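Please read it with the structure open.

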Amino acid sequence: MSSLQKSLMKDKLPPIPHGGSSAIGGGLKRLPGRRRDYSPIPWSRYFDDKKDVQVNGNTFRVYIKKSKVAEDDMPPSSDPVPVLVLLHGGGFSALTWALFAESITNQVMCQVIAIDLRGHGDTNTTDDLNLSADTLSSDVIGVIDTLLFEDGQTESQPIILIGHSMGGAVAVHTATKIVETGPGNLGDMGYEDVDVENTAIEKKPTTETLARVTLNLCGVAVIDVVEGTAMDALAGMQSLLRSRPQKFPSLPNAIDVRSGQVRNVESARVSMPGQIKNISTGATATNDIDELLSECNKRGSSSTDLVTSGLGIAESRRNDSISEEEEEIEDGEKSQDVFKKPLQNFNAASSNSGYAWRIDLAKTESFWPGWFKGLSSAFLILPMPKLLLLAGIDRLDKALTVGQMQGKFQMQVLPKCGHAVHEDVPDKVSDVVATFLVRHKFATPTANFNRSVVMAPTPNWSELINH
Amino acid sequence: MASYGEIQWCFSQVKGTLEDDVTEADIISCVEFNHDGDLLATGDKGGRVVIFQRDPCSKTSIPRRGEYNVYSTFQSHEPEFDYLKSLEIEEKINKIRWLKRKNPAHFLLSTNDKTIKLWKVSERDKRVEGYNTKEENGHMRDPASITSLRVPVIKPMELLVEASPRRIFANAHTYHINSISVNSDQETYLSADDLRINLWHLEITDQSFNIVDIKPTNMEELTEVITATEFHPLECNLFVYSSSKGSIRLCDMRAAALCDRHAKLFEEPPDDPSTRSFFSEIISSISDVKLSNSGRYMVSRDYLTLKVWDLHMETKPIESYPVHEYLRTKLCSLYENDCIFDKFECCWKGNDSAIMSGSYNNYFRVFDRTTKKDATLEASRDIAKPRTVLKPRKVC
């Protein structure tokens, strides 16, 4: 049957249940038993470390993962270990990269840094709603600089910027800044009067003189964002945002909703907490996970039971507001405490509980065109190797089509994916990125490296995968 | 072999390999006998065409046997790349159709998803020796050195079968070509993709006429596609095409230049609503349609049945044969593993008394229309001895 006919037929039928079709590859892990587990997964399952990086009075949350290697497999120290800087999309969080980070560090020797951009995740800035491309790219440069340069180091390890959607636009803007300012390219980070014309940076910082440092940017990868398509989609963005649920009664409920859009439940379980915040505390839901899981251990009930009741978090909050010191509370005492201060707890339970989106994207509308305008030409002008990963072939605009025909970047289409490609099929994205890194000799492959065959997208994708 | 009026099937030969690990490129994608059955052409996924010729001895032996030997092999299509859409064009041969013989050479049309090619397959068993201006090794002789002339002689040589592409018909189809059919006038032919049917003249490669176009202006409104097409074997103005919605249309090219309006519409009345399911539409999609040799009937294959239609009666088929009815209750699983989208072909016996179609597990089904008997036979891999009679199978 032709692919046109097949898609016509499939549109009229109910979708195949999650993981039903064998054609969609190994990224999905089937959970045992029929009941889907929507409990949140903490960042620590996938990342090695999390840091809160201070840059100009702002705190950026960064998750880090490094390739682990056995003693005898240790590569020679001269081999490059690139740093992949991962930038998430608008409304998402650094945790959306969790599964990808695990996969890529397994395939090539590299270090992964996933940043919560301004206004997202656990990052706190003085102006959470200033999401201009200029500000965001300055933030990224600031974080990279602070994280990567140890004492005396003047040149960074090879850096590859990988961005998804809005993060892809930020990656291109950041790369453009780095290229434009040339060697010694720290850019404008609040250091006054940076003179980039001279070979030695003449800074007039507030405290000390810094040596020249160079960001060694050697590659850029952009996931599913194309200027033309994105600009066209902006018109419908507001109504799309309004059509999302604005509130979630519990974390697992939010994860359930998210896993409907992302086709990968496991990814939703780790990434969704970074995208929503607890209404009563105002903190990002990632902070509630540890508490939630320890609460489960206390009560001896499974996390699923506890949270599907919908009141899990609110209840534990209630307990804390009553008496923080009494960690081991008997059930009977708890209920008594509830009755002691009925009004306060009742309010907490009903109106201020639950979760809302971490960032009100609708309020950032004025910045959206700035992200995407000129993106295609800026991308094409970048002098280093570039990779564009798309979920669908029809998303290319004219400038990129011409650029692709001229061989200016590598394009890979991963059909059967939603917009959050790195969440839907993290393993495939990892294969593609790993192959890109190895081909350009940015990184050394490990024993687990899967060379992704770079093929032009074909309609018979499922045949190729099965083969 | 015939005994008691019934046909018995025997294994004859295996062409290719019986092994499990076949390379993707060797998978056969189409087969077609020529008009006298002397030649059998096969196309594979790697874009090659292999032609087998009947062994002359086997034709005259008693009992009659069919044994074929490789006659010619050539690469018909190569993989291509559509740079505009960043899409690969597969070299897999979708269909082969023979032209009727007009001279010692054989002609066939082979097509992949986008391009149709006319191939000439000719034999050479003689060569000329003794040219005056050329040496035997091909070098030119200096005319000044020629002192006498001789008459070149014709000498026999070992049979050489050459295939050469005579015409290439390209760039006429936006969607994937699923059928080609040669007109009874042997001068024109049609090619069909999901949404359009084009009419070509064999001599003209840079033009084709569009005779059917079912593409809606807004692709969102697309509800059905063309699945198979065939010219009438005798009437040069008639052709039929089947759709994914289970209907077959007969069109008359004399009526209009664009045959969007059918002359006849063959459609079975919709099922009893109580028996309809989610999959009713998919399994009603016709995967192949073939007109009988007499031109009076046609057979259509949908997922579970074969239906024989009388061209004079549009309302319902005159015969309906279940191919693998036991699959009707398993449609859900077949949807999940994608099997419900498989296409099966069908064909007529030379005298139209029987029809045949394939099923899963190497089974093929033969239906005798006169005796109403059917047989399920297995083209089993275990049978390798020629003349082994195939025993009829039963699926419980």
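A residue is called exposed when its relative accessible area is over 50%, buried when that area is under 20%, and partly exposed in between. A:Asn56 has a relative accessibility of 55% and therefore counts as exposed. The model is a predicted one, and the points below are grouped by topic.

**Two asparagines with positive phi**

- A:Asn56 sits in the loop that lies between strand 1 (49–55) and strand 2 (58–66) of chain A.
- The phi angle of A:Asn56 is positive, about 50°, although the residue is not a glycine.
- In chain B, B:Asn361 occupies the loop between strand 26 (354–358) and strand 27 (363–368).
- B:Asn361 is likewise a residue other than glycine with a positive phi, near 60°.
- The relative accessible area of B:Asn361 is 63%, so this residue is exposed.

**Chain A overall**

- Chain A contains 18 helices and 13 strands.
- Of the 467 residues in chain A, 53% are buried.
- Among contacts in chain A with a separation of 6 or more, 74% are between residues 24 or more positions apart.

**Nonpolar cores**

- The largest nonpolar core is made of 55 residues, and A:Val85 and A:Trp371 have the most contacts inside it.
- At least three residues of this core come from each of domain 1 (3–13 + 36–41 + 240–362) and domain 2 (45–238 + 364–466) of chain A.
- Another core, of 41 residues, lies apart from the largest one; A:Tyr46, A:Ile160, A:Leu414 and A:Val438 are among its members.

**A buried glycine in chain A**

- A:Gly89 is placed in the loop between strand 3 (83–87) and helix 2 (98–107) of chain A.
- The relative accessibility of A:Gly89 is 0%, so this glycine counts as buried.
- With residues up to four places away in sequence left out, A:Gly89 touches A:His120, A:His164, A:Ser165, A:Met166 and A:Gly167.
- For one of these pairs, A:Gly89 and A:His164, the C-alpha atoms are 5.1 Å apart, while the sequence separation is 75 residues.

**A buried glycine in chain B**

- B:Gly43 belongs to strand 4 (residues 39–44) of chain B.
- B:Gly43 is buried because its relative accessible area is 0%.
- Beyond its neighbours within four places in sequence, B:Gly43 is in contact with B:Ile27, B:Ile28, B:Ser29, B:Cys30, B:Arg48, B:Ile93 and B:Ile96.
- B:Gly43 and B:Ile28 are separated by 15 residues in sequence and by 5.8 Å from C-alpha to C-alpha.

**Strand pairs in chain B**

- Side chains in a regular strand alternate between the two faces of the sheet.
- In strand 9 (residues 95–98) of chain B, B:Lys95 and B:Arg97 point one way, B:Ile96 and B:Trp98 point the other way, and all are buried.
- Strand 9 runs antiparallel to strand 10 (residues 106–111) of chain B, and four bridges join the two.
- B:Lys95 has B:Thr111 of strand 10 as its bridge partner.
- Strand 13 (residues 179–182) of chain B is covered on both faces, with B:Ser179 and B:Ser181 buried on one side and B:Ile180 and B:Val182 buried on the other.
- Four bridges also connect strand 13 to strand 14 (residues 188–192) of chain B, in an antiparallel arrangement.
- Opposite B:Val182 stands B:Tyr189 of strand 14.
- Strands 13 and 14 of chain B form a hairpin with five residues between them, and B:Gln186 in the turn has a positive phi of about 60°.

**A buried aspartate in chain B**

- B:Asp302 is in the loop between strand 22 (297–301) and strand 23 (305–310) of chain B.
- B:Asp302 counts as buried because its relative accessibility is 9%.
- The side chains of B:Asp302 and B:Thr305 are joined by a polar contact of 2.8 Å.
- Leaving out neighbours within four places in sequence, the contacts of B:Asp302 are B:Ile283, B:Ser284, B:Ser285, B:Ile286 and B:Lys307.

Key
Residues numbered from 1 in each chain as written. Chains lettered and ligands numbered in written order. Predicted model: local features only at pLDDT ≥ 70, side-chain atom pairs only at ≥ 80, totals over all residues. Heavy atoms only, no water. Core = buried A, V, L, I, M, F, W, Y, C linked by side-chain atoms within 4.5 Å. Buried < 20%, exposed > 50% of the residue type's maximum accessible area, 1.4 Å probe, protein only. Domains from an automatic or database assignment. Polar contact = N/O pair within 3.5 Å; in protein donor to acceptor, adjacent residues only side chain to side chain. Contact = heavy atoms within 4.5 Å. Pairing = 2+ DSSP bridges.
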